[in-house]
Amino acid sequence: MRTPKTIIEKIWEKHIVHEEAEKPDLLYIDLHLVHEVTSPQAFEGLRMNKRTVRRPDLTFATMDHNVPTIHRNVIKDEVSKTQMETLKKNCEEFGVPLADIHHPDQGIVHVIGPELGLTQPGKTIVCGDSHTSTHGAFGALAFGIGTSEVEHVLATQTIWQQKPKTLNVKVNGKLGTGVTAKDLILAIIGKFGVKFGTGYVIEYTGEAIRDLTMEGRMTVCNMSIEAGARAGLISPDDTTIEFLRGKRHVPDGEAFDQLAEEWKSLATDEGAVYDEQVEIDAEEIEPQVTWGTNPGMCIPVSANVPVPEDAANENDQEEIKRALEYMGLQGGEAITSVPIEHVFIGSCTNSRLADLKLASEIVKGHKVHPNVRAIVVPGSHSVKTQAEELGIDVIFKEAGFEWRDAGCSMCLAMNDDIVPEGERCASTSNRNFEGRQGTGARTHLVSPEMAAAAAIKGHFTDVRQFGAVTSS
Amino acid sequence: MEPIRKHEGLVYPLNRANVDTDQIIPKQFLKRISRQGFGQFVFYNWRFDSKGELREDFSLNQPKYEDTTILVAGENFGCGSSREHAPWALQDYGFRVIIAPSYADIFYNNCTKNGILPVKLTEAEVQTLIKNAEADKYYLTVDLEEKKVYDNQGFEASFDLDAYKREMLLNGWDDISVTLNYADQIAEFEKARA
Ligand code: SF4
C-alpha cells in the first residue's frame, strides 16, 4: 500500500522542478500575487539585468497597502503616489495583469485572490507579504516571500525552498457561541507562543476547523505567520469546493466537477504522520483580546492583564513590563475596564463580507460611543459593493461608523488612517506590534464582533453578554 | 552581492527577544522604490523621538557602537512582516553579520539574499556576547568557511548554515543567475503539466 501522506507533502512533491541532496528544492510557483510596496525593487532588478517576467499569466497585481480609503481621486502623499504609479508602469512594461486603485477587482491581495477564484487547492502561491498564508485556507501551499524572491519568481516562476517540517494543530470539539475563528487563532498563538510554528508548515485539523466557513478558515490561516509558520493550510473539503464553484477563474460544468475530485484527493491521508502535533480544545476558548505588543500576548475577555512578577523568568518579566509600559496598562487590571478611542474593522484577517455582516449584527440599533472613532474598511471593492447591496453600510453609518473604500488602511497605517500616539485601538487586524498603527499607537487585536461591541461600549466587553444586556 | 568569508567587527548588543521587522524599519519608510538608503531609518522609533531628535538613551546611538558591523540580539529576531527593507536597512547601516539564538524564517532568507550572514548560536552563547559587548568595545571574528565565531579572549563557538546558503554567501552569488541554469528543466516541467 501507498504510504499515507499529508497534503503538504503531496503539494510539495507535485511542484519539484529540481532536487539535489543537501540543497533546497527548486519549486514551481502556480500563482504569484504582487502589490505596490514589495515589488518596485524587484521590477527594477529585472530591468537592470535585462530579464523578463516568465509567466505574466500566472502573476496578478493589485494596489492595497498604501491606497487612500477616502477621496481616492486625489492622492496627497507624493511618495505613495509614486509607488502606485511605479506599479502601474511596471505591470504595463512586463505585461502583468493589474487591478489598480480604480479597478472593480481592487482590494487587499489576500482578499481578492480567493474572491476571483485565483486561489485554488493544490496550488503553490507566493506574494511579497507575510500574510500570504491566508490562501492556505483552500488547501494551497501559500507563503510570504521577500523582494529578492519576488524578483526571482518573476524571472523564473520558481523558488528555492527547504522542505518544511509539518505541524498538525488539531482543534477538538466545537467553538462556543460568540467565539470566532479570530478568537481561535489568537488562543492558539497565546497558548503555544509566537514562534512555535517557525520552520514548519501548519495543517489545521479537527472538528472545530471543519466547522468553520471559508472566511473563518482564511482568518485562521492568515495568522499562521504570527505563530512563526510561513504557511498554514487546511485540507480541502465540500466547504472549499462550494465556495469556489462559480468563481471567475475556475472552470464550470463538468470540468469543475473533475477538478473538485482532484482537489479532494489532496486532503491529508488517514494515518499520515506529521513531524509535530499539538492539540487544543475549542470548548475552552473564550473571546480573546490582546493586551501586549505581539499577538501571543492575549487573554480571554474575562481575564485580567498579566502581572510581570507572575512570569516564570526574568526575561519574560522584562518583556511583560516593557509591553505594559508601551500599552499604558497596569498589571492586574480587568481588560474590560480598558477604554478605547478607536475601532478598526478591516484587514486581510477580518474584512470579508461575512466578517462585516457579523459585526453589523452587533452594531444594529446602537450608536458608537461618543469617545470612539470607528471605521470599517472592506477588504475589496467587491466586498464593499456586496455589503452595500445588503444594506450593511447603512447599519454601520447609522451607528456612527465611517464606511471606507478597500485597502489595508489602519492595519499598518501606511496611508492616512493612523492611530495617534498614546491612543488605543480595538482592531480586527493581525499585528499589535509597537507603532504598527501609528507611532506610539496601542493596538488590541480582537474579532470583528468584539470590535463592534467595543465601539459601542467604549471599552472591551464580552460579546457573548452584549446582546443580552443591551437588548433588554 | 559582496561575498562574505571572514569578517571581523565591532559588536552591538540588542538584548531583546522577538524584535520584529516593524521595529527594524517602520512602515513610513517603505515607500521608496529603490533598494538603497534605508540605513538611516534602521530602528527608527527607538533611535529617534517623536520630534525626530536622536534619543541618547538608546544604546545604538552611543559613540562606542559607532562602527559596529555585528548585531547580536535575542531569540526570534526579524519576526513579523516579510519586508526585505529590514535587511536592506541593516545592511545599509553597516551590519554584515547578525547573531541570535533563532530567527523568523522569511527574515533569515532575506538576509542571505542580501549579503548579511545570520549566525545561530545558543541562548547562553548569545548572552555571553551581549554581556561582553555591553561592558566594553568588543570585537568578534566570524569565519563562514570554518563556520566559527571567536574573539581574542578565548570565546569560540561554531554554527551551522545550510550548504546552499553558505555557498551563495561565500561567493556573493545572486539566486536568479544560478536558477537560470535550470531553465530547461523549468520549461520541461511546464510542458509536462500543460
Ligand atoms: S491588511 Fe495588513 S496584514 Fe493584510 S496585507 Fe494589508 S498590511 Fe498586510
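I count two residues as in contact when heavy atoms lie within 4.5 Å. I am working on a predicted model, where local features need pLDDT of at least 70, side-chain atom pairs count only at pLDDT 80 or more, and totals for chains, interfaces and linings use all residues. Residues are numbered from 1 along each chain as its sequence is written, and side-chain values use heavy atoms, without hydrogens and water.

**Entry: A:Asp100**

I started with A:Asp100, which sits in the loop between strand 5 (98–99) and helix 4 (109–115) of chain A. Helices (H or I, at least four residues) and strands (E, at least two) are DSSP runs, numbered from the N terminus. Leaving aside neighbours within four places in sequence, I found A:Asp100 in contact with A:Met63, A:Lys88 and A:Gln106. I then asked: is A:Asp100 buried or exposed? A:Asp100 is buried, because its relative accessible area is 15% and buried means under 20% (exposed is over 50%, partly exposed in between; 1.4 Å probe, protein chains only).

**Entry: the open sheet**

Next I looked up a sheet of four strands in chain A, open and parallel, in the order 11-10-9-12; two strands pair if DSSP finds at least two bridges between them. Strand 11 (231–233) and strand 12 (276–281) of chain A each have a single partner strand, so one side of each lacks a neighbour in the sheet. I noted three bridges between strand 10 (residues 200–205) and strand 11 of chain A, in the parallel sense. Within that pair, A:Ile202 stands opposite A:Gly232.

**Entry: the ligand**

Last came the ligand, whose surrounding residues (a heavy atom within 4 Å) include A:His65, A:Asp129, A:Cys348 and A:Arg436.

Notes
Chains lettered and ligands numbered in written order.
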